[in-house]
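Visitor: Please zoom in on one part of this and walk me through it slowly. Spell out any terms as you go.

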Amino acid sequence: MADPRFFKRKGPFSVQEIADLTGAELVNAPDPSRRFDDVSPLQNADASILSFFDNRKYLDAFVSSSAGGCFVRPEFVDRAPADMVLFTTSDPYRAYAKAATAYYPFDEANGVVSPHAVVADTARIGKGVQIDAGAVIGGNCEIGDGCIIASNAVIGEGVVIGAGSKIGAGATISHCLIGNLCLIYPGARIGQDGFGFAMGPQGHLKVPQLGRVVIGNDVEVGANSTIDRGAGPDTVIGNGCRIDNLVQIGHNVELGMGCVIVSQVGISGSTKLGNFVVAAGQAGITGHLEIGDGAKIAAQSGVMKNIGAGETVGGSPAVPVMEYHKQTVALSRLIRKKK
Amino acid sequence: MADPRFFKRKGPFSVQEIADLTGAELVNAPDPSRRFDDVSPLQNADASILSFFDNRKYLDAFVSSSAGGCFVRPEFVDRAPADMVLFTTSDPYRAYAKAATAYYPFDEANGVVSPHAVVADTARIGKGVQIDAGAVIGGNCEIGDGCIIASNAVIGEGVVIGAGSKIGAGATISHCLIGNLCLIYPGARIGQDGFGFAMGPQGHLKVPQLGRVVIGNDVEVGANSTIDRGAGPDTVIGNGCRIDNLVQIGHNVELGMGCVIVSQVGISGSTKLGNFVVAAGQAGITGHLEIGDGAKIAAQSGVMKNIGAGETVGGSPAVPVMEYHKQTVALSRLIRKKK
Amino acid sequence: MADPRFFKRKGPFSVQEIADLTGAELVNAPDPSRRFDDVSPLQNADASILSFFDNRKYLDAFVSSSAGGCFVRPEFVDRAPADMVLFTTSDPYRAYAKAATAYYPFDEANGVVSPHAVVADTARIGKGVQIDAGAVIGGNCEIGDGCIIASNAVIGEGVVIGAGSKIGAGATISHCLIGNLCLIYPGARIGQDGFGFAMGPQGHLKVPQLGRVVIGNDVEVGANSTIDRGAGPDTVIGNGCRIDNLVQIGHNVELGMGCVIVSQVGISGSTKLGNFVVAAGQAGITGHLEIGDGAKIAAQSGVMKNIGAGETVGGSPAVPVMEYHKQTVALSRLIRKKK
């Protein structure tokens, strides 16, 4: 089970409660009042545990698991151990996420403003907000109901944060409007000046950056990631985006809904991503490009040109992923011929 | 116009004032006392707005713009809309930067030391310095006149910061001398130990890092960037350098004047860059190299050898950029032949 | 000598004391009571200085050096200047590290808990611990004897830190157990949620991350690096690992003993590294891989497959390093043929 120093477990929950919560169908469930104590991956599970089987790679673990219950796709019902209660669903990982959240709910604001926090008189603080020691809230900020502002976070003047959002320890936010239910991780830097100046041998002259960062609802920004504010237009992060750690997002960049930006990706200024774009780890996207809906960018790619909707690219400079694989093969053949 | 929650606008300024301020020549300016209210990019500008046209890509926007005034190169005067007041100059973006700074001046220190800051008795604090809540200033520091030390920044013992510099929220500085008019962005880490140890199977033994970081005047260090102090010699950042977000600069590295280091670049220990070197995003430069004045390094390059003055390189390992482009073309032809 | 604003020097130490401390053999040392005032690289050293010669590249500097004493391999004794006291050893850099640490000892905790720190009543604080201004220590934490918690660091509820460890300014730690004698650098982010969610067009649903980060003894984690906690299993960092700045380590990753992870490397979720693996700057390692003991990964490599013990790989996608070099040569020949 999860270390009780860090995690408070709820439950147990009954088979019926879990089915209701997740919408899964019950199979091999003679006693719907039976309760599971905890959730866990298949490998470590015993009869008191609820687990999930999603990635076919773990079929052996599923077949031999001692887990008491398991979320599974209907087509694998026949492979389950005899005593396992089955919760069938087309998306076992999503169902598991819901169940796990019932056992281990996310932190909720405790409504306490620490006497060691510094909150400007003109800040408007919603109901039930938690502000931890060392946090600094600037003038005219609006902090929505139920927000958590963790220790030593700094919220600059005028920033607006929607209800139920959480700002991690040591994060700094300025010139920014944040929606509801967002998670900003520790050390994220949002809203500072973009990298804008008139270059020249007489010196690089700084250009005022007059835009904002506008973040939708249900967005995550990872630890130590940086999002610069717009130069004139805004930098925009759409609803439901997931941004991992150490990501750089330049000024005027726009992300549509549901984009997934993996760790150490860099997106240069004024590039626009459509909805549900995925950029894998350490990819770089140059400035002033358009990336279509649903495009996928392989890890370490260097994107120098627009990408159409639904395309997948790889390599540096990035090309359609099939070409990239052929290039890799051609290169490896080339050196074999020389032997 | 810029969001008034975040930006305080000055002005309006007259045509004559703007010409005087920027050194631009007036063309099609029948009334030098006419005033402009604000600055903005061409696309959103109306008759009350001052704009600029610099990048030829935006010629259509210029030709059809409703902006009241515009900085422009002399050769485009003929293409301007009939009513537009023109400010001609060889560097419209630089002139715009000056005008925009008149409308939206950079923050100046307010002279207030927050009662929630912690300032050592032995620190010497200049005139008019602003120190925000949660900032910590160590013993024997020298903070120059007019500096801003933002919330929760930490300035270690003995650090010297020149007049008019700004240290962003949550940044940490130690073992460092910083010049005048520098901007250190939120979360930057400057002056910690370099990555130095005697490696071996019996363990990696830490070697004391006895140098400093010495930063010139008018330098910017981006959000969450890291600059390690020297191992014995100093790590040196020349006057006028611009370092973007999430950049790593190893111990003993030296940057000349006016270098531009784009986001997520890494420069390994003891490498020396000349003046006005440009390293584009995610490039990596290995240790103990010499990079000549004015060299340009393409995005994602992996520099493994010295680069001569004025050269441009690309690829990983990096080669002269013309070779890199030929390699890219050759590789794409190679797979086409195989079809 | 090192800048006295930042470094307090001990000593002088005698030739005999230095030999005893480092285990080096004395050669050309007529007066074992002679004392050296300081340590320094060969280039700047005079007769009062103790230095070292390790990298053959600096042979000229050694031959012409005025250093009073020098750590050196036995085979170079004949090349030494006539008056130089020689300390022979098979590992001069390690011996120098020990001597330099005698002159410039690492910071020790001063036993003072700042009145400006915020320490939870239920935290257990060891003997002689130093907690600086603005640091926040959560409930039920255990901070071992002699630890230093620097300014504005945030230690979350329940975190355990072993004796003699140091947490840098502005770092944030949660859901984590840290061993003895570790150095966590400024701005490091340890223990936040991994990047785990059930992806889908109806939104990306967050999955509770129920593991911890477990860090051994004598580990360094660089400035602004990020280590996510496990999703169910733990993220594990073995004894003696050295992690540089701006490194990303995903959830469930395991590092064996003595691994060296250079700046800006990214290691994706659930990948396991053996002992003494070296990953050079900006390398990326995809998820769910096994990297054998002693494997070496070149800078900017993109590792997509398991690596056997002792192998060296390079390129993206990474291949055995000899193949990578041949590919580079083949590619450069390919374009020469076309001329």
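Guide: Two strands pair if DSSP finds at least two bridges between them; strands (E, at least two residues) and helices (H or I, at least four) are DSSP runs numbered from the N terminus. This is a predicted model, where local features need pLDDT of at least 70 and side-chain atom pairs count only at pLDDT 80 or more, while totals for chains, interfaces and linings use all residues. Residues are numbered from 1 along each chain as its sequence is written, chains are lettered from A and ligands numbered from 1 in the order in which they are written, and side-chain values use heavy atoms, with hydrogens and water left out.

Let's start with strand E5 of chain C, residues 49-52. On one side, E5(C) runs parallel to strand E4 (residues 38-39) of chain C, with 2 bridges joining them. C:Val39 has C:Leu50 as its bridge partner there. E5(C) is also joined to strand E6 (residues 69-72) of chain C by 3 bridges, again in parallel, and C:Phe52 has C:Phe71 as its bridge partner in E6(C).

Now the side chains of E5(C). In a regular strand they alternate between the two faces of the sheet. Here, C:Ile49 and C:Ser51 point one way, whereas C:Leu50 and C:Phe52 point the other. Which of them are buried? All four residues are, buried being under 20% relative accessible area, exposed over 50%, and partly exposed in between (1.4 Å probe, protein chains only).

For contrast, hop over to chain B. B:Asn140 sits in the loop between strand E11 (136-137) and strand E12 (142-143), and it counts as partly exposed because its relative accessibility is 40%. Leaving out residues up to four places away in sequence, B:Asn140 touches B:Thr122, B:Ala123, B:Arg124 and B:Gly158, contact meaning heavy atoms within 4.5 Å. From B:Asn140 to B:Gly211 it's 71 residues in sequence and 18 Å in space, C-alpha to C-alpha.

Chain B also meets chain A, with 62 residues of chain A and 56 residues of chain B in the contact. Together they bury about 4600 Å², 63% of it on carbon and sulfur atoms (accessible area, 1.4 Å probe, lost on being put together, summed over both). On the chain A side, A:Phe195, A:His204 and A:Leu210 lose the most area, together 15% of what that side buries.

There are 2 salt bridges between chain A and chain B, meaning a side-chain nitrogen of Lys or Arg within 4 Å of a carboxyl oxygen of Asp or Glu. One of them links B:Glu220 to A:Lys206, with the closest N and O atoms 3.5 Å apart.

Key. Buried area is the accessible area (1.4 Å probe) that two parts lose on being put together, summed over both.
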